[in-house]
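Let's take a walk through a protein model together, one piece at a time. Keep the picture open and turn it as you read.

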Amino acid sequence: MEANPRSIGRLPAAFLTPGSSSFMDFLADHSPEMLPGNRKLPEGIVEAPHGTTIVAATFPGGVVLAGDRRATMGNMIAQRDIEKVFPADEFSAVGIAGTAGLAVEMVKLFQLELEHFEKVEGTTLSLEGKANRLSTMIRGNLGMAMQGLAVVPLFAGWDEGKEKGRIFSYDVTGGRSEEHGFAATGSGSIFARGSMKKLYRDDLTEQQATTLVVQALYDAADDDSATGGPDMARRIFPIVTVITEEGFRRLSEPESSELARSVTERRLEQPDGPRAALL
């Protein structure tokens, strides 16, 4: 008997029938083994490359999300030019800190989650809804986190309803908190946060906000060996992204290199960075 030409190369009916607006729920029903949190790992702590540090800051008209380029494994540099900041959709982005390979995979799944919802529902999730979906994904990774494979991202985007940029941070259990003004995550976050705490103002321009996050990453690299500063010799510079009502934009290499060079040159005069006023 000849096969029906109309059935050749087609997906099973279950794959073509609209169901849940969640792509994760779809995978859980049809291919649960593809979800990162369902994979079986060896017992004990697993050593893998980790990425740090991610910073974000809001300004009137948008939000900036940036990350350094270093990944470490123990006391070794595993990679010098890792990508840590990705667009989630047109109006939001996610920066990854934690187990590098698993974090990148989670970002790709998150991108599919948002795209799937838009195709099924015919509309986009609110920024709050996107933040909640990411929280659910992190919670599903709790088993791996307990074995040392934690993913702790920073999520930022433009809220069309409130007409402003917003930042959300997470813990390894999926707990979500909205950050106001600025935020940082990763091993260098304590130093980056301290830097931004002294320099941040709520009336920053976009240019000042991008300079602020690069200053914060520089301070993090100055005190945290797992965070990489601007590498002039290899031309490796921080990834800096801006999200406004016009959407997501990543600074080009000439823009990011010029920004990093200007900060580095000023540090030759003031190694500890710009001074904040006492009062």
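**A helix across a sheet**

Start with helix α3 (residues 100–121), which lies across β6, β7 and β9 (154–159) and runs at about 20 degrees to β6. Helices (H or I, at least four residues) and strands (E, at least two) are DSSP runs, numbered from the N terminus. Axes are lines fitted to C-alpha atoms, for helices over the stretch in contact, and angles run from 0 to 180 degrees between N-to-C directions. Contact means heavy atoms within 4.5 Å.

Before going further, a word on what you are looking at: this is a predicted model, in which local features need pLDDT of at least 70 and side-chain atom pairs count only at pLDDT 80 or more, while totals for chains, interfaces and linings use all residues. Residues are numbered from 1 along each chain as its sequence is written, and side-chain values use heavy atoms, with hydrogens and water left out.

Now look at the sheet itself. It is open, with five strands in the order β6-β7-β9-β10-β11 and antiparallel pairing; two strands pair if DSSP finds at least two bridges between them. At its edges are β6 (85–89) and β11 (176–179), each of which pairs on one side only. On average, and ignoring direction, neighbouring strands here are turned by 25 degrees against each other.

Zoom in on β7 (residues 92–95), which runs antiparallel to β6 and is joined to it by four bridges. A hairpin links β6 to β7 through two residues. Across this pair, F86 stands opposite V94, and P87 stands opposite A93. On the β9 side, β7 again pairs in the antiparallel sense over four bridges, and there A93 has A156 as its bridge partner. Are the faces of β7 covered or open? Both are covered: S92 and V94 on one side, and A93 and G95 on the other, are all buried. Buried means under 20% relative accessible area, exposed over 50%, and partly exposed in between (1.4 Å probe, protein chains only).

**A lysine in a loop**

Where does K84 sit? Find it in the loop between β5 (76–79) and β6. K84 counts as buried because its relative accessibility is 0%. Leaving aside neighbours within four places in sequence, its contacts include T52, D68, R70, V94 and I239.

A nonpolar core is a set of buried Ala, Val, Leu, Ile, Met, Phe, Trp, Tyr and Cys residues joined through side-chain atoms within 4.5 Å. The largest one has 23 residues, and V55, V64, M196, V213 and V240 have the most contacts inside it. Among the elements that supply at least two residues each are β2 (54–59), β3 (62–67) and α8 (253–269). The largest share, seven residues, comes from α7. Apart from this core lies another, of 22 residues, among them A88, M137, I138 and Y170.

Strand β13 (residues 239–244) is joined by four antiparallel bridges to β14 (residues 247–250). The two form a hairpin with two residues between them, and I243 stands opposite F248.

pLDDT is the predictor's confidence in each residue, from 0 to 100. The chain averages 86, and 81% of the residues score at least 70. Over residues 1–8 pLDDT stays under 50, and the model has one contact for them beyond four places in sequence. Where pLDDT is low, the predicted coordinates should not be read in detail.
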